[in-house]
Each structure stands twice: as structure tokens, then as C-alpha cells.
Amino acid sequence: MSHHQITQGNIVTLFARYVSVNILGMIGLSLYVLADTFFVANGVGSTGLVALNIAIPLFSLISGLGMLIGMGGGTLFSIAYGRGDTSSFDRIFTQTLAVTVAIGAAITLAGLCFTREIALLLGATPSTLAYVVEYIRVILTFTVAFMLNNVMLYFVRNDFEPGLAMAAMLAGSLFNIVFDYIFIYPMDMGMFGAALATGCSPVVGMCILSFHFWRKKNHFRLARCSFSGSEILRTLSTGLPAFITEFSSGVVIFLFNMVILGISDELSVAAYGIIANVALVCVAVFTGIGQGIQPVLSVNFGSGQQDRVRKVLALGCITALVFGGLFLLSGLLFPETIANIFNGENNPELTQITVQGIRIYFFAFLLMGVNIVFSIFFSAVGRPRPSFCIAILRGILAMIPFLVILPPLLGLTGVWLVIPLAELTTLAVGAVLLLRTLKQMKAD
């Protein structure tokens, strides 16, 4: 797409194109973990499912770091594009990739040296330790690939190729699903097989994304350049809310695991694992909406098209509300079906616990999507502080008081109530920050 199409074209058409392909792509990306959950639950058993849930926070950290750098670099690229600053394109891309490789390599080296300690820190028990170590050792090996794939997705999407980004995400997820089955069932590779399929998936995605460099429409390439420290800091600060949104999901899973084990048993952790992994797909849809509108927001903001910025934001919030209502309705109507998909041992107690959680937890989706759209909107228009506030509030701060107070009083019901109440608190704060930001933008 040209600069003219982004800043002057039909806003609804732009919105539909970018959001639809990003939702599909993000659903595909979220299937990395969901496919592991399904095949591990049915091919390894409930102990493997608990181990996978314990290991997910590490995956969220790695994915979140890729999103931090990619979202930051991609947003700076789009704003520069909107302003016509073509001289900075190659520098932004090159230094973003260099930072990604450096951080990813450091994590791999440190992680492989202390794999067992990391597993224990994540909450591995004697019955799950071997499974957790086996899974995260493979994931750590592919850290650079996970992060580079995320960065490339953001840049290709911001370079007006959302369809190619979607194709890359879907191809990687399809590979993961097929080889999860092959490695776990015919080859009987257990947790190692699940991790190996997941680790190879971003490599497949990057192969698809590499086609972007063969196209004449490509606006960035690797180049020799002097790095800008201030620009790198802007990249990291702009992408920080995206990191918090992704990584906080892992932190939440870790904290919930600890709280649940304090009031119940490992079967309840397995039930929460089912709910948390289904929630990852719902969050992926909301993130797809936010990431879909981000390039359109950033380019129009850079071009001074504030009316179009507000229209795109409104469309994003409405779409998030619609999807949130659909997710809630599915949880209220079909909780047993959702629970039994991941109950390979047909344990009736696991189904009962999961159904109870779904009926309460899914109310969070009515509000969650709008909060995610708010956070990405603030980043897209160069307002990292309110974006950080929304991300840290819904990710951790608003949740902690409820997590401390409710489970001891209400048991597992209190656990399931934590996320809906945290999202409600965040929405109230986000609405105030949004009104203030829109007034500032109008004044500017």
C-alpha cells in the first residue's frame, strides 16, 4: 500500500484488511502453545499438562522480548514513514535486528547453563521436574529464532504486507500442529517432541517472511550504519507495553499456579492450564485487532490525520467488544465441550473444575479486548507512558490485590474471579487516560 492509500483511503476498508489478516495470523501464532496443550494432554497425560503449564511463563518471556523489540522498531518505522523520513528506515531495521540477536543469544547461553534451576524457579515439582526441564531446554535453544520471527512479523506488517505476515504465522502454526502429532504419537517423543515442533515453527515463519526482501516494494534492508542509542531506547520504550502484555500472561500463570497449589492440588493446576491456554487464543484475537490497527494509526498519526486516528480507534474498540461477547457466550453455552477437548484421560473431576472456572473467567473477555486495544493505541501514537500504565495494570498490578484477597476467602471461585475484576479496574483507568490523551492530541 502507498502512503496515499493509508492516509486518504477508505478507513473501513483499511481497518477490515489489516485487522482480519492480523486476527487470523495471531490465532495461528497462539496455536503454538495450544497445539502443545492438546497433544500433551492427550499423548502424555495430566502430569505432562501440568509440566507444560509450568513451562509456559518462559515461553511468554521469550515471545514478549521479541514483541518488545519488534513492536518498538515497527512503530518507529511507521511513524518515520508517515513523516516521509526515508533516511532512517534501514537504520531502524538493522539496529533492531542486532539488538534482538544479542539479547536472544544471551538468554540461550544463560538458560542452557541453568535449565534445572530455571525449572525449579518456575515451580516444577518432583513429579513434573523432568518434563519441565526437557521442554524448556529445547525452547531455550530456539530463543533467537522465536525473537527474530516476532521482529520480522512486525516489520513486514508495518511495511504494508499484512497478508504475508499472516501467511508466515499460519505456516509456522500448521507445521507445529502436524509435527506435534508426528513427534508425540508415531515417534513417541513426548515432551521433547512437543518442544521440538514448537521450536522449529518460527524457522518456518522466517522462511516465508524472507520473500519480502525479494519484492521491490520493500522499504527496509540490512545496511551498515551508525547505531543511535537514543533511537534504540525509544524502540524499547515504545515496545515495552507489548512486552508486558505478553510476558504478564506468563507471570499470571506462574502466580496462579503457586496460589492454586496453596489451596488445592495439581489437578486444579491442570484445570487452570486448560483455561489459560484457551485464553491465549482469545488474547491473540484481541492482540490481532490491536496490531492490525497499529500501522494505520502510526502512519496517520505521523501524517497529522487525527480524525482518521480516532475513527480507527473506535472501530478497534467496537470489534474487540463484539469478539469479547462471542467468547463469553461460547464459555457460558459450551464449557463442557471446551474442557473435554483437553481432557485426554476423561477425568470427570478435571472437567468439573474446568467448567466452573470457564463460567466465571470468561467474563473477563468482555473487557480484555478493549484494554489491549487501548494499550496498543497509546504506543502507536507515540504515548508510551499511558500504554505502559494500561499494560502493567492489567498484566500485574490490578491482579495482585485480588489474587491475595479472594482465593483464601472463596477458594477456587476466588481464583477464577481475579482476572475479570482486574480487567474491570484497568478499563476504568484506561478510559480516563484515553480521554486525557485525546484532548492532548487535539491541543497539539
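Visitor: Where is the place of Asp 188?
Guide: In this predicted model, Asp 188 sits in the loop that runs between helix H8 (162–184) and helix H9 (190–209).

Visitor: And is Asp 188 buried or exposed there?
Guide: Asp 188 counts as exposed, because its relative accessibility is 64% and the cut-off for that class is over 50%.

Visitor: What about the phi of Asp 188?
Guide: The phi of Asp 188 is near 55°, which is a positive value in a residue other than glycine. Most residues other than glycine have a negative phi.

Visitor: Switching to pockets, what volume does the largest pocket have?
Guide: The largest pocket has a volume of about 210 Å³, and the elements giving two or more residues to its lining are helix H3 (46–83), helix H4 (89–113), helix H5 (115–121) and helix H10 (229–263).

Visitor: Which of them gives the most to that lining?
Guide: That is H10, which contributes four residues to the lining of the largest pocket. The lining has 13 residues in total, and those lying nearest the centre of the pocket are Pro 57, Leu 58, Leu 61, Leu 122 and Phe 247.

Visitor: How many of the lining residues are nonpolar, polar or charged?
Guide: For the largest pocket, eleven lining residues are nonpolar and two are polar, while no charged residues take part.

Visitor: What can you say about the second largest pocket?
Guide: The second largest pocket has a volume of about 160 Å³, and H3 and H10 each supply at least two residues of its lining. Among the residues lining it are Arg 83, Arg 234, Ser 237, Thr 238 and Phe 301, and by class the lining comprises five nonpolar, three polar and two charged residues.

Visitor: H10 keeps coming up, so how many residues does it have, and what does it reach from its first C-alpha to its last?
Guide: H10 has 35 residues and reaches 48 Å from its first C-alpha to its last, which is close to the 51 Å expected at 1.5 Å a residue.

Visitor: Where in H10 is the kink?
Guide: The kink, of about 40°, lies at Leu 240, shortly before the proline Pro 241.

Visitor: Back to H3: is Asn 53 buried or exposed?
Guide: Asn 53, which lies in helix H3, counts as buried because its relative accessibility is 1%, where the cut-off is under 20%.

Visitor: Which residues does Asn 53 touch?
Guide: Leaving aside residues up to four places away in sequence, Asn 53 touches Ile 253, Asn 257, Val 269, Tyr 272, Gly 273 and Asn 277.

Definitions and conventions. Residues are numbered from 1 along each chain as its sequence is written. This is a predicted model: local features need pLDDT of at least 70, side-chain atom pairs count only at pLDDT 80 or more; totals for chains, interfaces and linings use all residues. Side-chain values use heavy atoms; hydrogens and water are left out. On a 1 Å grid over the protein atoms alone, a cavity is a set of points where a 1.4 Å probe fits but cannot get out, and a pocket is an open set with protein on both sides within 12 Å along at least five of seven lines; lining residues have an atom within 4 Å of a point. Grid points are joined across faces, edges and corners, and a volume is the space filled by probe spheres set on the points. Ala, Val, Leu, Ile, Met, Phe, Trp, Tyr, Cys and Pro count as nonpolar, Asp, Glu, Lys and Arg as charged, and the others, Gly among them, as polar. Buried means under 20% relative accessible area, exposed over 50%, partly exposed in between (1.4 Å probe, protein chains only). Contact means heavy atoms within 4.5 Å. The expected span of a helix is 1.5 Å times one less than its number of residues. The bend at a residue is the angle between axes fitted to the seven residues ending there and the seven starting there.
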